[in-house]
Amino acid sequence: MKKYRVGVIGGTGMVGQRFLSLLENHPWFELTAIAASPRSAGKTYEEAVGDRWVMKTAMPEAYKSIVVQDAADVAAVAAKVDFVFCAVDMPKAEIRALEEAYAKAECPVVSNNSAHRFTPDVPMVIPELNADHLDVIPAQRARLGSKRGFIAVKSNCSLQSYVPALFPLDKFGVKRAAVCTYQAISGAGKTFERWPEMVDNVIPYIGGEEEKSEQEPLKIWGKVENGEIVSATTPAFTAQCLRVPVTDGHFAAVFVEFENKPSKEEIIDVWKNFKGRAQELELPSAPKQFLNYFTEDNMPQTKLHRDLEGGMAISIGRLRDDTQYDYKFVGLSHNTLRGAAGGAVLLAELLCAEGYMD
């Protein structure tokens, strides 16, 4: 596999820092550009981040002296890379325009942002579940007038705690699901030091999160038709999303009803044996065991299991009968690894392996 030159747009923020940590020793990708806002442009990466480095590992030495570029200087950034990751903190309309500018400059964009998640010809992909949605990219290129450039996005971080568990069960006809997510503070780009009011506290509101949690799964369940992804109409999702005093790891309590109710043993067997395109291709960031079921009543736990397989695996537990739905269970994912930067890196690996970056 050839080495791809990679840039990170929005490299100074929490998700940008996670991207840099993941790229430090990546076998396929070499970081050659970091871009951010004009206030960071012209400074070394170390100067631009200052005391805001929040990763548990140290800032990679090789990246400290890279001079940060202005993200708006599309031609200059694109000239240094084969593709970019995007994790900027800007209004959605500005993000959409910026990502399209890179794509039109023949620089593919793998985005962590929500701005293009519902653009009909932009694939929103969890590599194990709906890799076939990449088939829409030629139609997007035709719209943008690009030969090589395109935009692909990852889904919302909280989806990873329940959608991967439900999607493989669709052969039993997932009819409806109710989910309550308990989301870590890093999902808001915060630490306890910078958000002291979260200590010993729960906030029962995360702006826009419930709408994403109910609507985005339907795009993942959707199909590519006539050059766009048509969202499914079922399953029906309803969600409540709470911010909880946890550093990393999004938890979900899930209730599900089926058209054809399977046995508990059948469900656990599907989870145990499920492999997606990422596992078939043996992508570098893909977990060997994607879905992990724990039989103990008090498992999985955020602190114990969020880092399973480098934070890229999904943990599931407490599958049992329910009085209103068919079953209930809990799920756990690492929100800045599988849910954000790690999921985007895995998506980029899939795009490279399938030839979209060539």
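Trainee: What is the relative accessible area of Phe-83?
Mentor: This is a predicted model, in which local features need pLDDT of at least 70 and side-chain atom pairs count only at pLDDT 80 or more, while totals for chains, interfaces and linings use all residues. Residues are numbered from 1 along each chain as its sequence is written, and side-chain values use heavy atoms, leaving out hydrogens and water. With a 1.4 Å probe and protein chains only, buried means under 20% relative accessible area, exposed over 50%, and partly exposed in between. Phe-83 is buried, because its value is 0%.

Trainee: How many aromatic pairs does a search of the whole structure find?
Mentor: Rings of Phe, Tyr and Trp (its six-membered ring) pair if their centres lie within 6.5 Å; planes under 30 degrees apart are stacked, over 60 edge-to-face, and the rest tilted. On that basis, the number of aromatic pairs in the whole structure is 18.

Trainee: What is the angle between the planes of Phe-83 and Phe-85?
Mentor: The centres of Phe-83 and Phe-85 are 5.4 Å apart, and the pair is edge-to-face. Phe-85 is buried as well, at 0%. The angle between the two planes is 80°.

Trainee: The charged end of Lys-261 sits over the ring of which residue?
Mentor: A charge sits over a ring if NZ of Lys or CZ of Arg is within 6 Å of the ring centre and within 35 degrees of the ring normal. Lys-190 gives one case, over the face of Trp-195 at 4.6 Å from the ring centre. For Lys-261, the charged end is 5.0 Å from the ring centre of Tyr-327.

Trainee: How many disulfides does a search of the whole structure find?
Mentor: A disulfide needs two cysteine sulfur atoms within 2.5 Å. Cys-86 is in none, because the closest cysteine sulfur, in Cys-107, is 10 Å away, too far for a bond. Cys-157 is in none either, with the sulfur of Cys-241 nearest at 9.4 Å. The whole-structure count is zero.

Trainee: Where is the positive phi just after α6?
Mentor: The angle is about 75°. The residue that takes it is Gly-145.

Trainee: How many residues of strand β11 are buried?
Mentor: Strand β11 (residues 250-258) has nine residues, and the rest of the structure largely encloses it. That is so because the buried ones number eight.

Trainee: Which residue in β14 is the bridge partner of Ala-253?
Mentor: Two strands pair if DSSP finds at least two bridges between them. Strand β7 (residues 174-183) is antiparallel to β11 over eight bridges, with Val-179 opposite Val-254. Strand β14 (residues 327-333) also runs antiparallel to β11, joined by seven bridges. There, Ala-253 is partnered by Val-330.

Terms used: Helix = DSSP H or I, 4+ residues; strand = E, 2+ residues; numbered from the N terminus.
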